[in-house]
Amino acid sequence: MEYYFRKKDDLPSIPELPDPFEKPDGSRVMVPEEWPAQREYLKEMLAHYLYGHMPKDSGVTKGEVVFSRPVYNGKAVAETIKLTAGRKGEVVFYADLIRPVKEGKVPVFTWNQFTGTHGSPAEEEIVCRRGYAIMEFDKEQLAPDNGDAINGVVAKAFPECDWGAIAMWAWGHSRLVDYLFTTDWADTDKIIATGHSRGGKVALCAAIYDERIALCAPNGSGCGGAGCFRFLGGRYGEGIGLCETAGSINDMLGYWWTDAFGEFGARQKRYTRSNFPVAKNQMEFMANFSLDKLGTLQDEDRLPFDMHFAKALIAPRALITTDGLGDVWANTFGTQVTWRAAQEVFDFLGVPEKNALHFREGKHEFQAADW
């Protein structure tokens, strides 16, 4: 089904949170049987205004174990998996896997990682004692995180797509899921998508568009993740602390999103995924931008959605968002707002227990407590 989505200047102001139950014709969803159609509408809305569209045909994913060794005194095995995807097999990337040595199938974390980082701080507990596998991949194998995502390997493989880097990286989660379905050890009814910071935004996007993911667990995901565009604040409430906004994230990281999202927020420059300046290194990248508009709203009230829509799209599957109370940038107040708002959908679908929120003391990290 095709939907009509208006440009920013034609959208009404919605100072409060938009209603996830409002249908395209203005009527409201009244019974759970109407939710699947509404879900498709909201998915398309987020694709249009935030993420961009993923490819309809991603080709066949193939996985090959290219390295394997026992770890934790033989209680687990660590493997490197070569993944080949795309319609012509033109996307090649690698994932690191650690899984317990035990009988039967095991639940699996799919985890998008930052370049140069590896392993969970609670890995031995998770794998050897809890019996989960962890499969992680460096997302920059798929799209660079320097403003040049539209020239990355995934973007070139699917030139028809208008997606930003967040959706490109989320596409990687689904290719890991493809591989897990070919194994004899993965419990494919218990696949989890996780990630930290921008990786939390990625995990949320992945779980929205891939229903094979049973649990979404974004950590410290903030603006464009578990946070809220309209309501900002730290642990002490609305208006307390400098939080990242739609404007500041578009100015600094416009290539993460589809171009339509660049229309919203208090912007200093006019950069989108299509015209973002490419930096040679992180210092040059940060020098391009001013952060003096943090915590300042402009026209976010014209967004026809907020991030409670994203959370609601996980239902009736499970969602847990984890954050540090000292992470003001990530908008802990707004994270609670979207959690409470999304709860209405989880209640409506008869799964009130599947929308969870966990705060801990501490800063912007993926700590053992979050795991």
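Modeller: Happy to! The part to look at is an open sheet of 9 strands with mixed pairing, in the order β1-β2-β3-β5-β4-β6-β7-β10-β11. At its edges are β1 (62-71) and β11 (355-360), each of which pairs on one side only. From one strand to the next, the twist averages 20°.

Some words on the terms. Strands (E, at least two residues) and helices (H or I, at least four) are DSSP runs, numbered from the N terminus. Two strands pair if DSSP finds at least two bridges between them. Strands of a sheet pair through backbone hydrogen bonds, either parallel or antiparallel.

What you see is a predicted model, where local features need pLDDT of at least 70 and side-chain atom pairs count only at pLDDT 80 or more, while totals for chains, interfaces and linings use all residues. Residues are numbered from 1 along each chain as its sequence is written, and side-chain values use heavy atoms, with hydrogens and water left out.

Strand β7 (residues 215-219) and strand β10 (residues 318-324) run parallel and are joined by 3 bridges. Here Asn219 stands opposite Thr322 in β10. Helix α9 (residues 332-348) lies across β10 and β11, at about 160° to β11. Angles like this run from 0 to 180 degrees between N-to-C directions, with axes as lines fitted to C-alpha atoms, for helices over the stretch in contact.

Pro316 sits in the loop between α8 (307-312) and β10, and the peptide bond from Ala315 to Pro316 is cis, with omega near 5°. At another loop, between β1 and β2 (76-85), you will find Tyr72. Tyr72 is not a glycine, yet it has a positive phi of about 50°. Most residues other than glycine have a negative phi, and most peptide bonds are trans.

Now move to strand β3 (residues 91-100), which holds Arg99. The Arg99 side chain makes a polar contact with the side chain of Glu79 at 3.1 Å; a polar contact is a pair of N or O atoms within 3.5 Å, and within protein one must be able to donate a hydrogen and the other to accept it, with residues adjacent in sequence counting only if both atoms are side-chain atoms. Leaving aside neighbours within four places in sequence, Arg99 is in contact (heavy atoms within 4.5 Å) with Ala76, Val77, Glu79, Val127, Ala133 and Trp185.

Next, the helices. Helix α4 (residues 165-180) packs on helix α5 (residues 198-209) at an angle of about 65°, with axes 8 Å apart. On the α4 side are Ile166, Ala167, Trp169, Ala170 and His173, which meet Arg198, Lys201, Val202, Ala203, Cys205 and Ala206 of α5. This contact of α4 with α5 has 8 nonpolar, 1 polar and 2 charged residues. Here Ala, Val, Leu, Ile, Met, Phe, Trp, Tyr, Cys and Pro count as nonpolar, Asp, Glu, Lys and Arg as charged, and the others, Gly among them, as polar.

Helix α5 also meets helix α1 (residues 35-51): their axes come within 11 Å and cross at roughly 145°. Arg39, Lys43, Leu46, Ala47 and Tyr51 of α1 touch Leu204, Cys205, Ala207, Ile208 and Tyr209 of α5.

Stepping back, the protein has 9 helices and 11 strands.
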